[in-house]
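Me: I'm new to reading protein structures. Could you walk me through a few features of this one?

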Amino acid sequence: MKRLIIGISGASGAIYGVRLLQVLRDVAEVETHLVMSNAARQTLALETAFSLREVQALADVVHDSRDIAASISSGSFKTLGMVILPCSIKTLSGIVNSYSDGLLTRAADVVLKEQRRLVLCVRETPLHLGHLRLMTQAAEMGALLMPPVPAFYHRPTSVEDIIDQTVNRVIDQFDIELPQDLFTRWQGAN
């Protein structure tokens with residue numbers, strides 16, 4: 001069983017994290033471990049029609065953001081890594097500064113120290129110099145920065161198509177194969 005930690009912070013774009021959980025629910029060899037910040041719970045309610053219980057039901061394991069003794073707080077608990085989708089600037093700052101004030105940033109810190117894959121889908125715009133410096137520091141520490149920037153080569157016709165392309169590309173970062181891609185991949189301009 002492959003374990004993947006999915007973090008959802010309070011940044012706008014909670015639907016990305018929800019969709020990731022929906023897609024991975026159907027991938028039998030992946031066990032999802034969800035941790036949401038308190039701000040993520042509020043953003044979820046503001047931006048989507050999903051209840052907290054509905055989102056938690058999509059994960060195989062749900063961790064309380066205050067539980068520093070959770071399995072995902074230790075490097076001896078093996079995982080593929082972690083994605084934070086969306087990732088707020090506050091969460092990014094906590095990770096970069098090794099400020100583990102909750103399980104979300106602690107789990108990310110563990111992933112980095114164990115040299116596992118950490119994908120940070122930073123959701124903020126415009127970016128000032130402080131944001132850019134934090135992203136640079138995160139990359140220097142080993143994180144992969146992957147803001148949810150839409151692509152259009154697959155000719156999306158709905159918001160769902162845009163979300164699916166981003167979610168599929170995030171899944172690609174962990175070498176997880178889906179039964180069927182969520183978008184049409186680029187094949188070249190022929």
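Me: Is S98 buried, partly exposed or exposed, and what is its relative accessible area?

Reply: Keep in mind that this is a predicted model. Buried means under 20% relative accessible area and exposed means over 50%. S98 has 46%, so it counts as partly exposed. You'll find S98 in the loop between α4 and α5.

Me: What is the phi of S98 near?

Reply: Most residues other than glycine have a negative phi. Phi of S98 is near 50 degrees, a positive value. Q115 also has a positive phi, near 60 degrees. Q115 sits in the loop between α5 and β5, and Q115 is exposed at 75% relative accessibility.

Me: Which residues of α5 are buried?

Reply: They are L103, L104, T105, A107, A108, D109, V110, V111 and L112. That's nine of the eleven residues of α5, so the helix is largely enclosed by the rest of the structure.

Me: How do I read the packing of α4 and α6?

Reply: Two packed helices are described by the angle between their axes and the distance between the axes. Here α4 (residues 89–96) and α6 (residues 129–141) pack at about 45 degrees, with their axes 9 Å apart. That angle makes α4 oblique to α6. Their crossing is left-handed. Residues making the contact include I89 and L92 of α4, plus L134 and M135 of α6. By class, the contact has eight nonpolar, three polar and no charged residues.

Me: Where are the cis peptide bonds that join L85 to P86 and T125 to P126?

Reply: Most peptide bonds are trans. In the cis bond joining L85 and P86, omega is about 0 degrees, and P86 lies in strand β4. For T125 and P126, omega is about -10 degrees, with P126 in the loop between β5 and α6.

How values were computed
Residues are numbered from 1 along each chain as its sequence is written. This is a predicted model: local features need pLDDT of at least 70, side-chain atom pairs count only at pLDDT 80 or more; totals for chains, interfaces and linings use all residues. Side-chain values use heavy atoms; hydrogens and water are left out. Axes are lines fitted to C-alpha atoms, for helices over the stretch in contact, and angles run from 0 to 180 degrees between N-to-C directions. Helices (H or I, at least four residues) and strands (E, at least two) are DSSP runs, numbered from the N terminus. Angles under 35 degrees count as roughly parallel, over 145 as roughly antiparallel, 65 to 115 as roughly perpendicular and the rest as oblique. A crossing is left-handed if the near helix is turned anticlockwise from the far one by less than a right angle, and right-handed if clockwise. Contact means heavy atoms within 4.5 Å. Ala, Val, Leu, Ile, Met, Phe, Trp, Tyr, Cys and Pro count as nonpolar, Asp, Glu, Lys and Arg as charged, and the others, Gly among them, as polar. Buried means under 20% relative accessible area, exposed over 50%, partly exposed in between (1.4 Å probe, protein chains only).
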